[in-house]
Amino acid sequence: MRYLPHTKEEIEEMLAVTGHGQLKELFAHIPENCRCQGEIDIPGPLSEWDLTDHFQSLAANNLASSARAVLLGAGSYSHHIPEIVRNLMSRSEFLTAYTPYQPEMAQGTLQGIFEYQTLTTRLLGMEVANGSMYDGASALAEALLMALRIARKKHTVAISSAIHPHYRKVVYTYLQAASFKIVELPVGRDGRTDCSGLQNIDDLAAVALQSPNFFGVIEDLETAALKIHAADALFITCFSEPFAYGLLRSPGASGADIVCGEGQSFGMSQSFGGPGLGMFACRKKYQRNLPGRVVGETVDLEGKRGYVLTLATREQHIRREKATSNICSNQGICALTAAAYMASLGSTGLRRVAKLNYDKAAYFKNGLIQTGAKLLFSGQTFNEFVLRFADDFKPARKRLLAKGIVAGIELSDFYKEYEGAYLFCVTETVSRTILDEVIEELRS
Amino acid sequence: MTHGPGISGLILEEPLLWEKGKKGRSAFSMPDQDVPEATVGIDENLLGDGPDFPDLSEVDVVRHYTRLSQWNFGIDSGMYPLGSCTMKYNPKINEKIAAIPGIVTSHPLLADELSQGALQIMFELQTFLARLTGMDAVSLQPAAGAQGEMAGMLIFAAWFRKKSEKRSKILIPDTAHGTNPASAALCGFKPVQLKSGADGILDAKTVTELMDDETVGIMLTNPNTLGLFEESIREITAIVHEKGGLVYGDGANMNAVMGMVDFKRCGIDIMHLNLHKTFSTPHGGGGPGAGPICVVDELKDFLPVPRVAKAGNTYHLEYDCPDSIGRLHTFFGNFGVLVKAYSYILSMGAKNLKKASQLAVLNANYVRESLRDVLYLAYDKPCMHECVFSDKMQQEHGISTLDMAKRLIDHGYHPPTIYFPLVVPGAIMIEPTETENKDDLDQFIDVFKDVAREASEDGERLRQAPTRTKLRRLDETQAARKPCLTG
């Protein structure tokens, strides 16, 4: 086997040094009643060529092999990824390194993550960011736990029901064990979160909103911030589509205290939902409450600028059960990828691509409305929106699928009350030809 | 003086991203504006100016990251004997496979019948991991080992809630990973530390004394963080079960025992695996990893949702599991990592996986035997896949573990894990893994012997190390005292 370099002679020489006759003697101290009985039933070994064939045939059973367009986001977005981002991020010096515990051997990763943290704060209008979390959902759960730590004696949080349903599920999983109370805020006819009832919630540590929210609707964060702060709660915002901040006012500028979300749009493939990137930022006064890994600037013995993992006294390997989180990693290469992606776009590129997303989604939305579809919510949207159809949309959707086009997703999969409504997404990767084809199909 | 592969080389300076660039440059191939501009814009009060990112050319970005990468050290650069991290070679073919277009562009929310390939990969990986550990059911959802631990602790909590039992304590040995107590605390349990015995393993008597009906059970690592197999594991798990508790096994060290140990027979109820360790997926400078959890039948209903199942010849996602601890990830976990691990298992087959463990244990014992005259061996007994020394012999010359670790860098080696586990003061934990050949081990051993000799002959050289790197030792105290987290 090509990954196992030992020759028969070498094994014998090494066993002579360790004082064993055979390899299996190395395991002699393992009690008999702990051992595997017989050989493990796993196929292989497969050669590189057979392995590739096997995966090609598996891939052929995914629609992704033949789809012409997937007009669906809902937390996972198709964006163009520049070849330089793929190419640079596959460099094995980045990819095959461990967490940068030895900073003298890992300045590449460390400067890269420091740059990621900086670009993240600029994108979100915040002051500090961590080195990333697992994904958008766990980032939101960690943000709520962080707010509960800051608020100390309070035990209740409120989350908008327009937050991605899966994010909310993960929040329940994370918060249930410690018996915190979660209140869900309703959605108004404009598709925005109704914050009017906040004053009636006791013991409120934090309120979380998503913008653009799961319906694609842009929340009025500034107005929400006033109400939330008036209720003496911390304001957490999250997102699943960071491209929106190429156009929208940043959450930080709108009054958020903690901002988190999913960064998959920035250079990561959709890859059946993972790996993604949990982006996480906050105001500077809360930096010692941050969960997760953080990189900071310092100097070396000769006074040269360099980077290290820092604020370790928050972390599990020092604080053990008193740590701010049990996390001992970040999404390393995904964070670096997002930084390289933001650097490739630049301010100018991010704004142009964001605008193109908005224009294309608006074009498609208007086209569908002309065929008789109705907007479910009146609030403004970015690159996702919800429509309800007069006639049953299912047959048309099926015909489109036969042509390799996935036309949205049924909202009732997530919200029973919105029967007959569909959530769509259009990004810069979808051509007008495809959009026209869908509109034409519905017109006929 | 013996030389490792490390010599001074071409090291290029590179500023921070925003210290270069000019407004108007671009590294992005802009798609056509093939639709008219939207006539209705977004309301003024919601709009911003966009972030202040640097504008760079394609060549600017390429040189930036190429230079950064040259300051980094990965497995492909050389030996990375970082104990408890299993830094084995990451096969190239697995990267290519995970990037096959029909796999990498899959949207996670399509109907099951449109994602059969992806679901089959997950189902078969679950099956393989169950067979390898001896456990009955698997969830691939946890995104990392620490999230796997958390899932395990949530299952503990759910199990006792269902039985209407109130238990609040959990036994955790002093040889545990730091994440273990943190994960337990996150789920509301109070860790009670168990002392390992004089021989580095747990004595069943210690467990008998502390295990009671207020304790949910035990969380242990086997082989443990001293690289030793917990030989009393059957007695320990029997005691815990006797008192109505559950046993969590941290499987971070699975690379020592593939095809050798059946964890269900050991009495383990829940364990996680680190696919980025044992199953060769790249660590990515910190992530992403994957930390699947494996459970016995009795706990199957508590696994996270959704679950991947098979009916006839088709695969589907199951959501209707009322006892489940719920969802842990936005979608199904780090799928791209799962693909690479599945590909690795098929490349190896059962026979080579077992061989890999045997050779990993051989390499560790070979290093242990070869360095025992120059480094103090914390526990003088055969080890599994890693061995733990300390700086006890060097201390009389005023040389610490850190000094020796930094000196290894000058010779082109990533240092071992240092100052862990905590039960060994000044620990030096070496895990060579099976992918290092004997020549490379011999070179490493010779270099480490020289470093140990330098400790008595030329201590200042070690205290100044590293001297051949781009940067010398960094001031971590200043970094923490006055945090500067953004530029």
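Analyst: In this predicted model, B:Met404, B:Arg407 and B:Leu408 of H12(B) meet B:Val447, B:Val451, B:Glu454 and B:Ala455 of H13(B). Sorted by class, the residues of this contact are five nonpolar and two charged, with no polar ones. Helix H12 of chain B covers residues 401-410, and helix H13 of chain B covers residues 438-457. The crossing in which H12(B) passes H13(B) is right-handed.

Chain B also has an open sheet of four strands, in the order E10-E11-E13-E12, with antiparallel pairing. Its edges are strand E10 (376-377) and strand E12 (417-418) of chain B, each of which pairs on one side only. Strand E11 of chain B, residues 387-390, and strand E13 of chain B, residues 427-430, are joined by four bridges in the antiparallel sense. Within the sheet, B:Cys387 has B:Ile430 of E13(B) opposite. Another helix, H11(B), packs on the sheet and touches E10, E11 and E13 of chain B. The direction of H11(B) makes about 25° with that of E11(B).

Helix H11 also matters for the contact between the chains. In that contact, 168 residues of chain B touch 168 residues of chain A. Helix H11 of chain B, residues 335-371, gives the most to chain B's side, with 21 residues. The side of chain B that touches chain A is made up of 89 nonpolar, 54 polar and 25 charged residues.

The C-alpha trace of chain A spans about 80 × 55 × 50 Å along its principal axes. Of the 444 residues in chain A, 60% count as buried. Among the contacts in chain A with a separation of 6 or more, 73% come from residues 24 or more positions apart.

To return to the part asked about, the contact of H12(B) with H13(B) brings together B:Met404, B:Arg407 and B:Leu408 on one helix and B:Val447, B:Val451, B:Glu454 and B:Ala455 on the other, in a right-handed crossing.

Terms used
Residues numbered from 1 in each chain as written. Chains lettered and ligands numbered in written order. Predicted model: local features only at pLDDT ≥ 70, side-chain atom pairs only at ≥ 80, totals over all residues. Contact = placed C-beta atoms within 7 Å. Helix = DSSP H or I, 4+ residues; strand = E, 2+ residues; numbered from the N terminus. Nonpolar A, V, L, I, M, F, W, Y, C, P; charged D, E, K, R; others polar. Pairing = 2+ DSSP bridges. Axes fitted to C-alpha atoms, helices over the stretch in contact; angles between N-to-C directions. Left-handed = near helix turned anticlockwise from the far one by under 90°. Buried ≥ 20, exposed ≤ 12 C-beta atoms within 10 Å, placed from the backbone.
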